[in-house]
Amino acid sequence: MLDLRARKNVSRAADPVARLLGRIGLSPTLVTLAGLAFSIAGAVLIALGHLTWGAGTLGFGAVLDVLDGVLARLTGTETVRGAFLDSFTDRVGEVAAWTGLAFYLGERAEAALVTLSIVAVCGSLLIPYVRSRAEALGVDGRGGLLGRAERLLAFGFGIGLAGLGLPTLEATIWILAVGTWLTVVQRFAQTWRRLAS
C-alpha cells in the first residue's frame, strides 16, 4: 500500500539526495549494489545478536534501494537491466535479512520462531512472484496488505526495538508470517478476477 500511496512524497524527499549522488558521480548500479551490501551487513549483525544495529544497517540499505531508482530517473539512465538488477537485489536482501534472523533465533533454540521465519520469507518471495506473473499476463499485480515497503518497516522496527529490550520480536515475526501470506492470497485473488474480465 505504501508503495502505491507514498511514492510522490518519497520522491519529493529523495530527489535532492539522488541529485547529489549523481553530482558526485555515483551510478544507479553502484547505489543498488551498495544497498545490497548494507542489507547483507545488517543481516550479519542481526545473526550476531546486534539487533538494533542490524536493523539500522538494513534500513540504510533500504534507503539506498529507493535512491537508485530515483537517480536512474533523474539522470535518464533507466534500463531494463537496471530494473532486473534492482528486483534481484531486493529479493537477495530480503532473504539475507530473514536468514540472519533465523540464525539468531536458532542459536537461542527458538524452533517455533525459526519455522515462522521460514514461513514469512516464503510468503515474501511469493508476493513479487505473483505480481510478475500477473504483469506477464497483462494485468496489474500490485496491491495487498504488505508490499515491500511495509515488510521492511515492520521488520526493521520490530527487530530494532527488540534489540533495545522491548518485547516486539515474536509479534513482528507473527505479523510478517501471517501478513505476507494474506498478501499472497490477496494478490492471487485480485489477479484471478482481472484475468477473467
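Author: The protein has eight helices and zero strands. Helices (H or I, at least four residues) and strands (E, at least two) are DSSP runs, numbered from the N terminus. This is a predicted model, in which local features need pLDDT of at least 70 and side-chain atom pairs count only at pLDDT 80 or more, while totals for chains, interfaces and linings use all residues. Residues are numbered from 1 along each chain as its sequence is written, and side-chain values use heavy atoms, without hydrogens and water.

Reader: Why is a set of residues called a nonpolar core?

Author: Because its members are buried Ala, Val, Leu, Ile, Met, Phe, Trp, Tyr and Cys residues joined through side-chain atoms within 4.5 Å. Buried means under 20% relative accessible area, exposed over 50%, partly exposed in between (1.4 Å probe, protein chains only). The largest such core has 21 residues, of which Leu101, Leu105, Phe155 and Leu169 touch the most other members. Helices giving two or more residues to this core include α5 (80-107) and α8 (169-196). Apart from it lies another core of eight residues, among them Leu21 and Val70.

Reader: Which residues does leucine 101 touch, beyond those up to four places away in sequence?

Author: With contact meaning heavy atoms within 4.5 Å, leucine 101 touches Ile46, Ser117, Phe155, Ile159, Leu169 and Ile173.
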